[in-house]
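Here is a note for a colleague who is new to this structure. The points below can be read with the model open alongside.

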Amino acid sequence: MAPVTNARHIFNEIPTGYPIPGQTTVYDASQTIDLENAPLNAGFLLKTLVLSIDPYMRGRMRDASKSYSSPFQLGQPLQNYGVGVVIRSENPALKVGDHVYGFFPFEEYSIQSQAETFRKIDNKYNLPWGVFVGAAGMPGQTAYCGWKEYAQAKKGDVAFITSGAGAVGSLVIQLAKRDGLKVVASAGSDEKVAFMKEIGADVAFNYKTTKMSEVLEKEGPIDIYWDHVGGKTLEAALEAAANNARFIECGMISGYNTKPYPVANLMNIVTKEIKISGFIVSTILPKYKDAFYAEVPASIASGELKLKQDVTRGLEGVGDAFLAVQKGTNTGKSIIVVADQ
């Protein structure tokens with residue numbers, strides 16, 4: 001077989017604000033790969049099926065400054081969680097036809113050497129592969145582990161969940177309702193508000209058209225705050241917090257692409273004795289991984305946990321999909337379908 005195109009999506013330029021499709025990242029179809037004869041050196045050849053687009057990736061578009069995640073390398077493919085299928089293998093841990101979840105370069109095919117860094121997928125419920133980079137992947141793990149570890153939920157508590165129609169927030173809403181909480185949730189469009197109501201939010205509102213402080217004053221005080229936004233939203237939550245509230249800091253996207261907003265009422269943390277927990281899911285995942293995989297895929301298959309996906313087909317669309325996630329114009333978990341099988 002002659003070499004085939006191995007298209008990729010590369011990191012081209014460090015952005016100063018929002019990433020620019022075709023400039024910050026660039027689609028490149030100049031590479032080829034010989035699928036039959038490329039040396040594996042005791043490794044394995046993966047065909048990429050699905051890739052995840054996540055908000056945190058903006059933080060990797062930087063120089064080599066210290067952070068919890070390494071920066072993307074200029075001129076090299078982006079990297080993130082994905083699902084692929086083994087098409088050749090010299091590693092006894094994986095055989096041809098195995099489907100795996102792990103960290104993938106944004107290219108159609110890749111040769112890997114470390115089988116232990118991938119999880120072989122047992123898809124006994126025949127879920128679409130895209131689910132394993134969303135509700136049954138890192139975003140679902142973030143919601144599940146963060147909630148279990150930090151919420152200290154009690155029936156009747158009031159939870160305020162931001163970005164409630166997103167990949168993480170939508171799972172948090174459903175976990176909170178399962179624990180018997182009153183859920184207040186925000187998002188940036190009426191379509192997203194409808195979805196949040198569909199999955200159980202008691203009060204769902206569009207923060208772009210509704211005054212957040214009035215909603216929180218009416219529906220609060222807040223016992224649990226799940227933060228994806230930071231900035232003015234964090235400020236409003238601090239004002240509406242109950243004494244001994246738990247604030248779970250999962251992200252602060254309002255400051256990813258613009259200058260962060262200076263929150264003015266941090267003294268509420270002291271006077272209301274608020275417990276603030278920031279976390280990175282990889283730190284706490286080992287504690288909950290087995291329970292997550294035993295529970296969450298089954299709950300998705302049964303329909304108990306609902307999800308929504310925002311699907312882009314082809315590596316050409318990565319730049320636009322990533323910008324949509326940063327601006328919040330996507331609806332549901334953003335995934336790139338590279339190949340169907």
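1. Start with a term. A residue counts as buried when its relative accessible area is under 20%, and as exposed when that area is over 50%. Anything in between is partly exposed. By that rule strand β14 is mostly covered, with 7 of its 9 residues buried. Keep in mind that this is a predicted model.

2. The sheet. β14 belongs to an open sheet of 6 strands. Their order is β12-β11-β10-β13-β14-β15, and the pairing is parallel. The edges are β12 (203-206) and β15 (275-278), each of which pairs on one side only. On average, neighbouring strands are turned by 15 degrees against each other, ignoring direction. As background, strands of a sheet pair through backbone hydrogen bonds, either parallel or antiparallel.

3. The partners of β14. How many bridges join β13 to β14? There are 5, and the two strands run parallel. Across this pair, Trp-226 stands opposite Ile-248 in β14. On to β15: strand β14, residues 241-249, is joined to β15 by 4 bridges, again with the strands running parallel. Here Arg-246 stands opposite Lys-275 in β15.

4. A helix on the sheet. Helix α3 spans residues 190-198 and packs on the sheet. It touches β11 (182-187) and β12. The direction of α3 makes about 170 degrees with that of β12.

5. Ser-186, buried or exposed? Ser-186 sits in strand β11. Its relative accessibility is 2%, so Ser-186 counts as buried. Leaving out residues up to four places away in sequence, Ser-186 touches Phe-160, Ile-161, Thr-162, Ser-163, Gly-164, Met-196 and Phe-205.

6. The largest nonpolar core. This core holds 80 residues. Those that touch the most other members are Ile-53, Phe-106, Trp-147, Ile-173, Met-196, Trp-226 and Ile-300. Which helix gives the most to this core? Helix α7, residues 281-302, does, with 8 residues. There is also a second, separate core of 20 residues, including Met-212, Leu-216, Ala-240 and Phe-247.

7. Trp-147 in detail. Neighbours within four places in sequence are set aside here. Trp-147 then contacts Thr-142, Ala-153, Ala-159, Val-172, Leu-175, Ala-176, Asp-179, Leu-181, Ile-224 and Trp-226. Trp-226 is also among the core members with the most contacts to other members.

8. Two helices that cross. In general, two packed helices are described by the angle between their axes and the distance between the axes. For α1 (residues 138-150) and α7, the axes come within 8 Å and cross at roughly 105 degrees. Angles of 65 to 115 degrees count as roughly perpendicular, so α1 and α7 are roughly perpendicular to each other.

9. What meets at that crossing. From α1 the residues include Met-138, Tyr-144, Cys-145 and Tyr-150. From α7 they include Ile-284, Leu-285, Tyr-288, Phe-292 and Val-296. By class, the contact has 12 nonpolar, 4 polar and 4 charged residues.

10. Two residues in the loop between α1 and β10 (158-161) deserve a look: Gly-156 and Gln-152. Gly-156 has 51% relative accessibility, so it counts as exposed. The C-alpha atoms of Gly-156 and Leu-181 are separated by 4.9 Å, though the two residues are 25 residues apart along the chain. Gln-152 is partly exposed, with a relative accessible area of 44%. Its phi is positive, about 50 degrees, although Gln-152 is not a glycine.

11. Backbone points to check elsewhere. Glu-273 lies in the loop between α6 (268-271) and β15. Glu-273 also has a positive phi, near 50 degrees, in a residue other than glycine. Glu-273 is exposed, with a relative accessible area of 55%. Where is Pro-221 placed? Pro-221 is in the loop between α4 (212-219) and β13 (222-227). The peptide bond from Gly-220 to Pro-221 is cis, with omega near 5 degrees.

Technical notes. Residues numbered from 1 in each chain as written. Predicted model: local features only at pLDDT ≥ 70, side-chain atom pairs only at ≥ 80, totals over all residues. Heavy atoms only, no water. Core = buried A, V, L, I, M, F, W, Y, C linked by side-chain atoms within 4.5 Å. Buried < 20%, exposed > 50% of the residue type's maximum accessible area, 1.4 Å probe, protein only. Contact = heavy atoms within 4.5 Å. Axes fitted to C-alpha atoms, helices over the stretch in contact; angles between N-to-C directions. Parallel < 35°, antiparallel > 145°, perpendicular 65-115°, else oblique. Nonpolar A, V, L, I, M, F, W, Y, C, P; charged D, E, K, R; others polar. Pairing = 2+ DSSP bridges.
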